[in-house]
Amino acid sequence: MPFCLEVPALENKSVFSRIDTAPANSSAVESYAGAADGGDDWQNARDRVLLYLRLLDTPPILALSIALAVLRRAVRQCEKSNDCLPTKTAMLTLREVLSEQTLHPDSWWPFGDRDKIFGTTAPTIAGNETAGGLPEPAALPNSLPVTPPIARGRMLPEFIDRKPVRSFLAKLFSRRPKAGRPVSKKNTAGAAKRGSRRSTAGGPG
Amino acid sequence: MNRKPIKKFWEKEAVRRRILLTVLILSTTAVASGFMANVLPHMGRTGLEIALVIFFAMLFAWISIGFWTSLVGFLILMRRYNRFTINWPSSKDDDIQESVRTAILMPVYNESVKRVFAGLRATYASLASSGQLARFDFFVLSDSTNPDRWVEEEAAWAELCREVDGFGKIYYRHRRPNIKRKSGNIADFCRRWGRSYRYMVVFDADSVMSGSTLARLLLLMEKNPDVGILQTAPMAVGRDTLIARVQQFANRVYGPMFAAGLHYWQLGDAQYWGHNAIIRIEPFMKHCALPQLPGKPPLGGHILSHDFVEAALMRRAGWEVWLAYELNGSYEEAPPTLLDGLTRDRRWCQGNMQHLRLLLTRGIFPAHRALFLNGAMSYISAILWFMFLNLSTVEALAQAILEPKYFPAQRTLFPHWPVWNPGWALTLLASTGLILFLPKLLSYVFILFKQRQVKNYGGFTRFTLSIGAEVIFSTFFAPIRMLFHSKFVFLILLGQKVGWHAQPREDRGTTWGEAFRFHYGGMLLALIWGAIVFTINRSFFWWLTPILIPLVLSAPLSVWSGRAGLGRGFRSCGLFLIPEEIAPPPELTSLKAYLSKPDPSKPSLGIAKSAGFVRAVVDPKVNRLHLAIQRQQRRVAPKIAARRRQLVQKAASGGPDELSDSEKKELLIDPASLSRLHEQVWESPAEIFSGRWRISAP
């Protein structure tokens, strides 16, 4: 298997204990029954939630427990509104549940020992997640070693004189200040400026 | 500008050797051209014949460079001693300080992800087994513009890192604007991380090197502090198509001799071929940044063939550039089909033609000026050959149609008799053939009698047959290449520039449609040319058949030579075998194993691995990875933010088919948009989820 999810062991009861697995009251039980009769919409919602959990390589029993909790909560939310879309509500709820539990989205890191890779044991984005959604991307871990720390250097083209004969002739016949004739400060400053610009831009190339 | 103006120990010898080469080329050319003039009916006295002799002289000089280089290489290899070799057995690698770090760079551009990472992994494993891994870091420098390839590369990088525990050792960088193509990609690395490393080994996407070779390169650079670039002579391996296998065979048999000959003339003024070489980063950053040529492409703009120019600039700054021709364990792949090879040649042709504009640059060493000229001549020679054939045809037709002038305008005692001496013509043909084919014979002799490694090429009979078949094969393909190279030079001179296409890294073959589309012009030309000559001067027609037949057959030749099945058939017959096929080195064995390993994971959600963009949107793991690789969310102008919101809506409701590649890339570079799209797709009703995004729950 190319990707292995690090999930809490099934024996870890703390995970289960924090997942809402029981209906709160008798009306909720009726709602679940109603939802079960609700046809394709809730079936799709169930399938979607289970599929998402499966893609995270969540162990089957744990996935079922989470899905159950998610669907129950989704049903309760749908009771409150008339225009409820089961799949959408279930997926939003799934993200809420995952954010609340230790199965935080950022701990789904599927590419090996997360702590070793990120160099930290602390959940990097804990507390930054927005309610009901995935964490804001700005809060994503920035320490994934995709590239090493930058050690910035300069690499600029040097001056290349492709036509040395022409430059020689141009130099030979160019106007030069005669000896003893004072050069105005303005001209000197301009030449210095041009010179510095040329050296940083790498010449005419 | 120059680092060390002092003369180096090898420079005097290099001057002597180059004078010798020039004398040898000029003398053989003069003799052959004189002969050519005598062969012509008017002894080279007409304008047309003078032009013919001039073209012949240029072409003969060109082929005699190769001849003398190979001959010298043969002598060096037979002697088994070269006092100027860079690869002296010297001290051990434990002399190298721990702080010396080397980066292995693999620039990629929309290439086969599986092949790129298999090559990288083979090199990584080889370095690990040689115990040298700690000194090296790996960088995959992606310029990929295809959004699917981009995501696929990221997933492959993460998977490779996880499997070899390579996080913090293997890095991945995706560059958004592809300024200056490969050279810009390398320069971008240098600016960001160059200061952290003393050396970099530049790979191509199909390069593989053994760990011991990399360690040896590092040691040689440490022991030769004046060397700026050390180039290896990579062996072409790993292809199955017929044309690639023939090239592999030619490269393996004739390559070492030619490389030894090149080393003899070049010494510390060698070429850099753009990959499979180690480079000292500090002088490279200081002196080898490429300028932009004034004017527009093809002859202006960014320099396409950056490698020759970088070597020349490195040398101009006083650093040496050497060819480590005896070093094994450096591999590359040949283009799988004739069309792929020609596409690559088109790019190289433009780059080499650009070099002509740098020919007179102040400070460039004469040897590098000669290399610029030599590179350009690789393509210009094609058009010279084409012109020569055309002039010969005109001469032959003129002989057949026009009445000979026995008494020219100026008074002479005797009439001018046009003389045609077939014996001389055959002698000239034989001597040209000798110049072209003797190097092949010498390689044969060297492997047979000196190396005594004929069993590594399939045994005496098969090796002999392979050499013979290679000669026939190269003779057949030479006119086709000539015609295309002539066209390339012509188009470049007309101002048509070339695009940047990914080089195929798999044996995909050529379809008949592609072949006819590419070759129909040449086939038609050859048919018309042949018909005219056959009608007017039949005796000359037979002289032209070695050119005309391959041109007429170019489409079938292109298709058949690009077939992997045919190449494998030749291999099962024991033809075109190379030692790397008979006893593959560990790096190539592991490369093959990685490539042939079936993908363990089934495509999740019915999405193929190659559908990178859809995976990044839908698959929570790939989505997570891509978001983690992206830099932090950037603030963007409200207009851009609004456009991206619209894009998310468009994608969420319409599916991936509604988006262009640039729109997909825009979503991929914006973490917030991608995250939002991921949520919306998963929340979408079944008709969009399964219909538009074609996600199938297993």
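What percentage of the 205 residues in chain A is buried? Buried residues make up 25% of that chain. A residue counts as buried if 20 or more other C-beta atoms lie within 10 Å of its own, as exposed if 12 or fewer do, and as partly exposed in between, with C-beta atoms placed from the backbone. The model is predicted: local features need pLDDT of at least 70, side-chain atom pairs count only at pLDDT 80 or more, and totals for chains, interfaces and linings use all residues. Residues are numbered from 1 along each chain as its sequence is written, while chains are lettered from A and ligands numbered from 1 in the order in which they are written.

Chain A has eight helices and zero strands. Its pattern along the sequence is α-α-α-α-α-α-α-α. Helices (H or I, at least four residues) and strands (E, at least two) are DSSP runs, numbered from the N terminus. Among contacts in chain A with a separation of 6 or more, 63% join residues 24 or more positions apart. Two residues are in contact if their C-beta atoms, placed from the backbone, lie within 7 Å.

The contact between the chains takes 46 residues from chain A and 50 residues from chain B. On the side of chain A that touches chain B, the elements giving two or more residues are helix 3 (40-55) and helix 5 (86-100) of chain A. Helix 3 of chain A provides the largest share, six residues. By class, this side of chain A has 29 nonpolar, nine polar and eight charged residues. Here Ala, Val, Leu, Ile, Met, Phe, Trp, Tyr, Cys and Pro count as nonpolar, Asp, Glu, Lys and Arg as charged, and the others, Gly among them, as polar.

The largest nonpolar core holds 209 residues. Such a core is a set of buried Ala, Val, Leu, Ile, Met, Phe, Trp, Tyr and Cys residues joined through C-beta atoms within 7 Å. The members that touch the most others are A:Val49, A:Val70, B:Leu105, B:Met106, B:Phe139, B:Val201 and B:Leu230. Helix 7 (residues 242-266) of chain B gives the largest share of this core, 15 residues. Beyond four places in sequence, B:Leu230 touches B:Ile86, B:Leu217, B:Leu220, B:Met221, B:Ala277, B:Ile278, B:Trp322 and B:Ala324.

Helix 3 (residues 113-130) of chain B is mostly covered, with 13 of its 18 residues buried. This helix reaches 26 Å from first C-alpha to last, close to the 26 Å expected at 1.5 Å a residue. The expected span is 1.5 Å times one less than the number of residues. B:Gly131, with a positive phi near 80°, follows helix 3 of chain B.

Chain B also contains an open sheet of three strands in the order 5-10-7, with mixed pairing. Its edge strands, strand 5 (208-209) and strand 7 (235-236), each pair on one side only. Strands pair if DSSP finds at least two bridges between them. Strand 7 and strand 10 (residues 330-332) of chain B are parallel, over two bridges. B:Ala236 stands opposite B:Glu332 in strand 10 of chain B.

Some backbone geometry stands out. Most residues other than glycine have a negative phi, and most peptide bonds are trans. B:Arg181, in helix 5 (residues 181-193) of chain B, has a positive phi near 50°. B:Arg181 is partly exposed, with 17 other C-beta atoms within 10 Å. B:Asn276 lies in the loop between helix 7 and strand 8 (277-280) of chain B, with a positive phi near 55°. B:Asn276 counts as buried, having 25 C-beta neighbours inside 10 Å. A cis peptide bond, with omega about 10°, joins B:Pro297 and B:Pro298. B:Pro298 is found in the loop between helix 8 (281-287) and helix 9 (306-316) of chain B.
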